[in-house]
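I set out here what I looked up in this model, entry by entry.

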Amino acid sequence: MDTPIASRALATEAVHAGRDDLARQGLHAPPIDLSTTYPSYDSRGEAARIDAFAATGAEPDGAPVYARLGNPTVARFETALARLEGTEAAVAFASGMAALSAVLLVRGSMGLRHVVAVRPLYGCSDHLLTAGLLGSEVTWTDPAGIADALRPDTGLVMVESPANPTLAELDLRAVAHACGSVPLLADNTFATPVLQRPAEQGARLVLHSATKYLGGHG
Ligand SMILES: *Cc1c(COP(=O)(O)O)cnc(C)c1O
């Protein structure tokens with residue numbers, strides 16, 4: 001990947017982020033990589049590359065190893081989204097609900113299964129938290145009640161602004177402040193990074209459903 005150019009305007013990033021390698025390859029449109037596995041001509045060397053990838057998580061040099069671990073098309077999307085949101089990194093999942101599930105599972109596996117959340121949230125997010133399907137326990141509150149709702153086992157504060165479907169808005173900076181050291185997850189689906197970048201307001205996690213505004217859908 002090329003060195004990020006910190007000073008690029010958002011409009012420029014929206015066109016070029018994640019596509020820095022294309023010109024070098026003589027391409028304008030990002031190719032869609034459909035491979036699930038990749039050819040290997042040296043099985044010992046390839047095994048070493050997979051071991052190093054598994055140990056460090058760092059993308060290996062050369063051809064991709066295995067699409068479940070890394071796919072060039074998905075990597076471009078992740079790079080673009082991280083640059084647009086101004087976050088350290090981005091991770092793409094097959095759906096927005098898969099992304100939220102991963103967050104809840106990771107926090108729960110750290111013993112931090114309590115979630116503080118503000119309604120309204122997208123209906124399925126609300127249902128996933130309320131049902132406790134992934135082992136989480138939710139306390140619903142309003143923004144003013146966040147600080148009091150935090151417990152030692154609170155692993156996440158979750159909000160959505162503008163909310164689906166009411167378009168209710170929150171002061172994300174004030175909410176992030178109320179969270180203290182607990183990570184704030186802001187669902188930014190209805191704004192996109194063009195209109196709002198929650199990480200700049202103090203959110204530590206930003207979630208998107210790419211089936212909506214981000215993907216150009218209604
Ligand atoms: C649709 C939606 C989701 C869920 O995303 P999927 O990609 O459909 O799983 C999450 N949050 C918001 C705000 C949504 O509108």
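Where does Leu-167 lie? I located Leu-167 in the loop between E3 and H7. I note for the record that the model is a predicted one.

**Entry 1**

I began with the backbone of Leu-167, whose phi is positive, at about 65°, although the residue is not a glycine. I then checked the peptide bonds of this loop. The bond from Ser-161 to Pro-162 is cis, with omega near -10°, and Pro-162 is found in the loop between E3 and helix H7, which spans residues 172-178. A cis bond also leads from Asn-164 to Pro-165, with omega near 10°. I placed Pro-165 in the loop between E3 and H7 as well. I recorded these entries because most residues other than glycine have a negative phi, and most peptide bonds are trans.

**Entry 2: a further positive phi**

I looked up Thr-192 next. Its phi is positive at about 65°, and Thr-192 is not a glycine. The residue belongs to helix H8, residues 192-195.

**Entry 3: overall layout**

I turned to the elements as a set. The protein has 8 helices and 5 strands. Read from the N terminus, the elements follow the order α-α-α-α-β-α-β-α-β-α-β-α-β. For the extent of the protein, I found that the C-alpha atoms fill a box of roughly 60 × 40 × 30 Å along the principal axes.

**Entry 4: the sheet**

In what order do the 5 strands of the open sheet stand? I read the order as E2-E1-E3-E4-E5, with parallel pairing. The edge strands are E2 (137-141) and E5 (205-207), each of which pairs on one side only. From one strand to the next, the twist averages 25°.

I examined one pairing in detail. Strand E3 (residues 154-160) and strand E4 (residues 184-187) run parallel and are joined by 4 bridges. Within this pairing, Val-157 has Leu-184 in E4 as its bridge partner.

**Entry 5: the ligand site**

Which residues are around the ligand? I listed Ser-95, Gly-96, Met-97, Tyr-122, Glu-160, Asn-164, Asp-187, Thr-189, Phe-190, Ser-209, Thr-211 and Lys-212. By class, this shell holds 3 nonpolar, 6 polar and 3 charged residues.

I compared the list with the strand ranges. Glu-160 is one of the residues around the ligand, and strand E3 covers residues 154-160. Asp-187 is also among the residues around the ligand, while strand E4 covers residues 184-187.

A backbone N or O atom of Gly-96 lies 2.8 Å from a ligand oxygen atom. A polar side-chain atom of Asp-187 is 2.6 Å from a nitrogen atom of the ligand.

How much of the ligand does the protein bury? Taken alone, the ligand exposes 380 Å², and I found that the protein buries 92% of that area.

Methods: Residues are numbered from 1 along each chain as its sequence is written. This is a predicted model: local features need pLDDT of at least 70, side-chain atom pairs count only at pLDDT 80 or more; totals for chains, interfaces and linings use all residues. Side-chain values use heavy atoms; hydrogens and water are left out. A residue is near a molecule or strand if one of its heavy atoms lies within 4 Å of it. A polar contact is a pair of N or O atoms within 3.5 Å; within protein, one must be able to donate a hydrogen and the other to accept it, and residues adjacent in sequence count only if both atoms are side-chain atoms. Accessible areas come from the Shrake-Rupley method with a 1.4 Å probe; for residues, only the protein chains shown count as cover. Ala, Val, Leu, Ile, Met, Phe, Trp, Tyr, Cys and Pro count as nonpolar, Asp, Glu, Lys and Arg as charged, and the others, Gly among them, as polar. Two strands pair if DSSP finds at least two bridges between them. Helices (H or I, at least four residues) and strands (E, at least two) are DSSP runs, numbered from the N terminus. Axes are lines fitted to C-alpha atoms, for helices over the stretch in contact, and angles run from 0 to 180 degrees between N-to-C directions.
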